[in-house]
Amino acid sequence: GIPIRTTLDNSTTVQYAGLLHHLTMKARSTVRDIDPQNDLTFLRIRSKKHEIMVAPDKEYLLIVIQNPCE
Amino acid sequence: MEIIYVYTRKRSEFGRPCSFSDRPAKVSVDIPPDPSMASGFILRNPVDSYVQHASDMSEHEVNTERVEVESRGVNHVEGGWPKDINPQEVEQTIRFRKKVEKDENYINTIMHLGTLMEHCVKQNNAINIYEEYFGEEEMAEVEDEPPSAKTINVISKLTSFFDVLLSKRDPNVTKRTATHLSWHPDTCKKLAVAYSSLEFQQNMKDMSFDSYIWDLENPNKPELVLKPSSPLVSLEYNPKDSHVLVGGCYNGQMAYWDTRKGGLPVEVSTVEVSHRDPVYGAIWLQSKTGTECFSASTDGQVLWWDIRKLSEPTETLVLDITRKGLLENALGAVTLEFEPTMPTKFMVGTEQGIVIACNRKAKTLAEKITSTYSGHHGPVYALARNPFYPKIFLTVGDWAARIWSEETKESPIMWTKYHLSYLTDGCWSTVRPAVFFTTRSDGTLDIWDFLFKQNDPSLSLKVCDEPLSSLRLQDNGCVVGCGSKLGTVTLLEISSGLCTLQRNEKTLATAMFERETKREKILEARHRELRLKERARSEGQETEVEEKPVESPHEVLDRTRREFFKVIEVELQRRAQAETQHLPSAFQVKDHAREEAAAQGEESQLPKEEEEEEKDAA
């Protein structure tokens, strides 16, 4: 995917965009395989260092990376 | 009752065409039911009947050839831009981006997604829902877990019929023993294994000299093949520079490799100044340059080297306990031990069962050898200091493992019982102070927890059928690699109960070691007192000849032999009794055979005892 607007540096953004795009596609297809009426609204990945939140849409993807509270 | 229906036809009428005609039914035989037989029947209610409707299936098994998988990377370049825009051109991309931003669809989408995201972000900021609740309670549960270990990887390389996906074996036809293992110092994903055949003069012509570095992610092919001029007996990674390894060869030379430079050694020590026997121990020293190492071998020498100049050793020491420096009296060294926190002291385990502690910095030869500890009947195969208590060290040799304290020189402070098979290697756990591992020549790995139980190992695992020859624990304490006689290296992961520090463990272990050391010291003091008294008495009574019955060596031998057999018989009887109580008689035959084998094994120990007695009596 092409980053349109970003607060990080370009290379990181490109990496995140590419990888998360595929992951979101996969997650959405998983949700729809289980129940065709369902659709993916939000994807949250929590890792040791940060939390990545992805809000997908038909054409665009909003990705937010946050540091967890602890 | 016979029912016969006779049909007759004249011979002349044979062959005539048949003309069938209808006729009403005619009763041929009428058999009325016999009511007297009804009593023989039992009415069955309910009646089970089953019906199955299924498609026919057949089962077929196929075992495919093992597929060799290789990992490759893909370089992903920024893509997705429309054709007319060159992603390298900053102006074009900026223009495109601005255009998209003005798109109405984009704006709506962003608004919608933005609110959604805001909601979740606020959630996150409000409460941390993934925090550790009940952190204290989890600790209590861990103790109940029974200790266990599971194999995570078997390193060998023949095409195998194992269904285990990862198998690593020695790829050569003639199997060589995996004599030494060394983990990569940083990543612990790589394992260097030295292969050689330790049978005396049984080197076959086609036996290869190579040793391998395996990457755990790729168990089919070694990551690097090291090609020395003679098989390697020991191999160690440099803890400071993880690309450098030093290896001790079967012919006594030392060689060092740089993994960045390939499989041939960068430099090999010259034959004239190297050892005369296989180099059994090679360890890196803690030095500023990080290039110093030392080696020991059964020719009785300990040599210090600087790998930048392997043409001659920087220092030598002859392991002669009479402290005269004579090579003829020297004891052959089988293992070497060095603790980085005490850089001037080191210990050597010898073939004769004696452990020698030495001080490198001593000026005279006599002071170099500080103390000796004798206690094993056979070669000391492994020597390890406890990483938490440097004064306590573990020796493994003959049929038992012993724990010594540096202060008590006469006997170990703790020891395990005698096993039925030789112990080949041992090491302490890096995370728990009272846990250590030993390997046996019947292929078993024992994990001992001395705080918990001292009579038996906490966990005893049969790793393989052939003897295990070497053992190495990874630095994190959870994964242990054992090498076997046929070259198979097995990696086992230990259950967390055995590799996490328990509460109060350090204090308990300290208390235990101190207690045992004190006990030994008291015993030693008593022995010394008794001896002094004896000597004083014998000096005071010079005229009176001591009434000790002087036995000739033969009588001593006979007496010991009788006592020995008596002890064995008592033990066998005890075992037979214990086992007849538990097992049915069918198994007694098997046990009897096993006991006989054990008795035979123990009888073969007798010649050694005889030799010792002869030496003592002489």
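Tutor: Start with one residue. Thr517(B) is in contact with Ser405(B), Glu407(B), Thr408(B) and Ile413(B), once neighbours within four places in sequence are set aside. This is a predicted model.

Student: Where does Thr517(B) lie?
Tutor: In helix α6 of chain B, which covers residues 505-540.

Student: Why is Thr517(B) called buried?
Tutor: Its relative accessible area is 7%. Buried means under 20%. The value is 7%, so Thr517(B) counts as buried.

Student: Which residues touch the most other members of the largest nonpolar core?
Tutor: Ile403(B), Trp428(B), Phe436(B), Phe450(B) and Phe513(B), out of 19 residues. β19 (380-385), β20 (392-397), β21 (400-405), β23 (423-428) and α6 of chain B each supply at least two residues of this core.

Student: What does Ile403(B) touch?
Tutor: Leaving out residues up to four places away in sequence, its partners include Ile392(B), Phe393(B), Leu394(B), Pro412(B) and Met414(B). Trp428(B), Phe436(B), Phe450(B) and Phe513(B) are also among them.

Student: Which residues does the second core include?
Tutor: Among them are Leu285(B), Ala296(B), Val302(B) and Leu317(B). This core is separate and has 18 residues.

Student: Now two helices. At what angle do the axes of α1 and α2 of chain B cross?
Tutor: At roughly 70 degrees. The axes of α1 (residues 90-102) and α2 (residues 104-126) come within 5 Å.

Student: Why is α1(B) called roughly perpendicular to α2(B)?
Tutor: The label covers 65 to 115 degrees. The crossing is roughly 70 degrees, so α1(B) is roughly perpendicular to α2(B).

Student: Which residues make the contact?
Tutor: Val100(B), Glu101(B) and Lys102(B) of α1(B) meet Glu104(B), Tyr106(B) and Ile107(B) of α2(B). By class, that is 3 nonpolar, no polar and 3 charged residues.

Student: How many helices and strands are in each chain?
Tutor: Chain B has 9 helices and 29 strands. Chain A has 1 helix and 3 strands, in the pattern α-β-β-β.

Student: What share of each chain is buried?
Tutor: For chain B, 40% of 618 residues. For chain A, 31% of 70 residues.

Notes
Residues numbered from 1 in each chain as written. Chains lettered and ligands numbered in written order. Predicted model: local features only at pLDDT ≥ 70, side-chain atom pairs only at ≥ 80, totals over all residues. Heavy atoms only, no water. Helix = DSSP H or I, 4+ residues; strand = E, 2+ residues; numbered from the N terminus. Buried < 20%, exposed > 50% of the residue type's maximum accessible area, 1.4 Å probe, protein only. Contact = heavy atoms within 4.5 Å. Core = buried A, V, L, I, M, F, W, Y, C linked by side-chain atoms within 4.5 Å. Axes fitted to C-alpha atoms, helices over the stretch in contact; angles between N-to-C directions. Parallel < 35°, antiparallel > 145°, perpendicular 65-115°, else oblique. Nonpolar A, V, L, I, M, F, W, Y, C, P; charged D, E, K, R; others polar.
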